Amino acid sequence: MKATSATLQRPARKAAKSAGDPRQLRHQALADVRRELILDAARSAFFALGMEKASIREIAHRAGYTPGAIYSYFASKEELYGALLGESLERLNTRVLEAVAGHSPGPDRVRASATAFFDFYRENPRDLDLGFYLFQGMQPRGLTPELNEALNARLRSALQPTQDTLRHLGMSEQQALEETTGLFAHTVGLLVLSHTGRIRMFKQASQDLFDTYLERLVSRAEAA
């Protein structure tokens, strides 16, 4: 994916050349620590100020570095955002894959994958906030098309086990896609209502509503 893999994951340690060189290893370890400090500062700035208002200068201030030091690791705040979101999506995918690992294709696998997705964002509201650029189709200025597509692909991959299992249960490819899209929209909507407290106006619980929707989805899949 061109330069996108470097943004989505930590840069790989220099291979065999540095493996036996203690000085190179110390240098790489220090670079990794600095990179994590910068990412932590960017996360703090984005959550406090929003993507548009958070600046490289503000991120540098929070990290205790100069703006120039930030640019030696990341070309822009959009690249910083991409690295943070990429890490979040990797954790999401891990959560989903771990949830479905013990299930053969069937209703329980649909329940496991969908619930893992819902629970990840229910338990990590900051990750939900971070993902809104993808969820709402908004593209931060400067985010390259390649990085935007790479991030969207990681989000789609977290939903793929659900879609694949729906097809295994008898739904057509189009039906499975439509149902997965509906599940995603329902999940995100419930999470937003829950995290903002707006769901209280309906005197409903997001978990109960999600469970009901999921069971109806499973019933539709079994009927197919």
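1. Helix H4 (residues 56–63) packs its buried residues against helix H3 (22–49), helix H5 (67–71) and helix H6 (77–100). Contact here means heavy atoms within 4.5 Å, and helices are DSSP runs (H or I, at least four residues), numbered from the N terminus. Please keep in mind that this is a predicted model: local features need pLDDT of at least 70, side-chain atom pairs count only at pLDDT 80 or more, and totals for chains, interfaces and linings use all residues. Residues are numbered from 1 along each chain as its sequence is written, and side-chain values use heavy atoms, with hydrogens and water left out.

2. The buried set in H4 is Ile56, Ile59, Ala60 and Ala63. They lie on the same side of H4 because they cover an arc of only 100 degrees around the axis, taken from the directions from the helix axis to the C-beta atoms. Arg57 and His61 are exposed, on the face turned away from that buried side. Buried is under 20% relative accessible area, exposed over 50%, partly exposed in between (1.4 Å probe, protein chains only).

3. Just after H4, have a look at Gly64, which takes a positive phi of about 80 degrees.

4. H3 and H6 pack with their axes 10 Å apart, at an angle of about 95 degrees. Axes are lines fitted to C-alpha atoms, for helices over the stretch in contact, and angles run from 0 to 180 degrees between N-to-C directions. The two helices are therefore roughly perpendicular (65 to 115 degrees). Residues in the contact include Ile38, Leu39 and Phe46 of H3 and Leu80, Tyr81 and Leu84 of H6.

5. For the whole chain, there are twelve helices and zero strands.

Definitions and conventions. Parallel < 35°, antiparallel > 145°, perpendicular 65-115°, else oblique.
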